[in-house]
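I opened the model and kept short notes on what I looked up. The entries follow in the order I made them.

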Amino acid sequence: SNKGFHRTLSVSAACQRALIEIGTKQPLDFLKTVGREAIRPDVKQDHHKRALSALAALVRKQPVALVNHLPAVVEVIIRTLDPSESALRKACLKSSTYVLLSLVKRYPMVAFQQHTQRFAVGSIDSIIIIYDLRTATKWRILEGHTSPVTALCFENNTGERIASYASHEGSVRLWQSGTAGIFATILGIKGKCIKKFQVEPVPSGIPVLKQLQNVSIHWEKRKVKLTKEDKKVVTFDI
């Protein structure tokens, strides 16, 4: 029950194993409760940090449990960074940053661009959501893929473009996500797909954990390099 979960959350790190078990079996309930506890106004700051710590532990130890719910995971963290709640943001900033970086490390469909402070997450609903961490708001939504987003990355320097890979669709797409200014105003919240490449489908039956471990996509000057689930490497000239 939620009451039992709240009690577990407030005890100590010794209960982390129980929290991970709950998160593994009921990830959406886990996220709903952790999200609520992370921003509760009637508790001490350490409570918020423990809630985020529980989320970090699940990401680290059972990444497969959350792979279908990554936008919900990011929303939990984004709410703790709301600049209008300055005390909460200050208290949670270190813990929230740690969880965000853990997501980037564990999931190839999550990416961070430090210069612009943009954070992107690909979903099983085939969309990519880009957040502005400075304002804790959605910056862009990229629509065009027809299957779950398997991997993505920002262009190294400016972060104005994003490369994404959807394995079931068999495609790599390049997107203009935009920065502040006239171009961003024209785009609105929707980004634009500027190029699409077809790739060979991967063999079926590769475990999800192996996919998370094997897949990567990144920019190399005028090229985008994709490492697929079966560890085959494909390079695209852009």
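**Entry 1: Asn214.** I looked up what Asn214 touches, leaving out residues up to four places away in sequence, and found Thr227, Lys228, Glu229 and Lys231. A contact here means heavy atoms within 4.5 Å. Asn214 lies in helix 9. Helices (H or I, at least four residues) and strands (E, at least two) are DSSP runs, numbered from the N terminus. I noted Asn214 as buried because its relative accessibility is 15%. Buried means under 20% relative accessible area, exposed means over 50%, and partly exposed is in between, with a 1.4 Å probe and protein chains only.

**Entry 2: what I am working with.** This is a predicted model, in which local features need pLDDT of at least 70 and side-chain atom pairs count only at pLDDT 80 or more, while totals for chains, interfaces and linings use all residues. Residues are numbered from 1 along each chain as its sequence is written, and side-chain values use heavy atoms, with hydrogens and water left out.

**Entry 3: confidence.** The pLDDT is the predictor's confidence in each residue, from 0 to 100. I read a chain average of 89, with 89% of the residues at 70 or above. Where is confidence lowest, and where is it highest? Helix 8 (residues 182-187) is lowest with a mean of 47, and helix 6 (residues 70-79) is highest at 97. The pLDDT is below 50 over residues 181-187, and this stretch has 10 contacts in the model beyond near neighbours in sequence.

**Entry 4: the chain as a whole.** I noted nine helices and 11 strands in the protein chain. Of its 238 residues, 48% are buried. Among contacts between residues at least 6 apart in sequence, 53% join residues at least 24 apart.

Entry 5: Is strand 7 (residues 171-176) enclosed or open? Six of its six residues are buried, so strand 7 is largely enclosed by the rest of the structure. I checked both faces: Ser171, Arg173 and Trp175 are buried on one side, and Val172, Leu174 and Gln176 on the other. Strand 6 (residues 161-166) runs antiparallel to strand 7, and six bridges join them. Two strands pair if DSSP finds at least two bridges between them. Ser164 has Arg173 as its bridge partner in strand 7.

**Entry 6: Val199.** I found Val199 in the loop between strand 8 (192-198) and helix 9. Val199 counts as buried because its relative accessible area is 12%. Not counting residues up to four places away in sequence, Val199 touches Tyr165, Gly170, Ser171, Val172, Leu226 and Phe236. The C-alpha atoms of Val199 and Ser167 are separated by 8.2 Å, though the two residues are 32 apart along the chain.

**Entry 7: strands 10 and 11.** Strand 10 (residues 223-227) pairs with strand 11 (residues 233-237) in the antiparallel sense, over five bridges. Val224 stands opposite Phe236 in strand 11. Five residues lie between the strands of this hairpin, and Lys231 in the turn has a positive phi of about 70 degrees.

Entry 8: Most residues other than glycine have a negative phi. Ser126, not a glycine, has a positive phi near 75 degrees. Ser126 lies in the loop between strand 2 (118-122) and strand 3 (128-132), and is buried, with a relative accessible area of 11%. Ala136 has a positive phi of about 55 degrees. I found Ala136 in the loop between strand 3 and strand 4 (137-142), buried at 16% relative accessible area.

**Entry 9: the largest pocket.** A pocket is an open set of points on a 1 Å grid over the protein atoms alone, where a 1.4 Å probe fits, with protein on both sides within 12 Å along at least five of seven lines; lining residues have an atom within 4 Å of a point. Grid points are joined across faces, edges and corners, and a volume is the space filled by probe spheres set on the points. The largest pocket has a volume of about 390 Å³. Of its 21 lining residues, the closest to the centre are Thr150, Ser167, His168, Gln211 and Glu229. Helix 9 (residues 208-214) gives the largest share of this lining, three residues.
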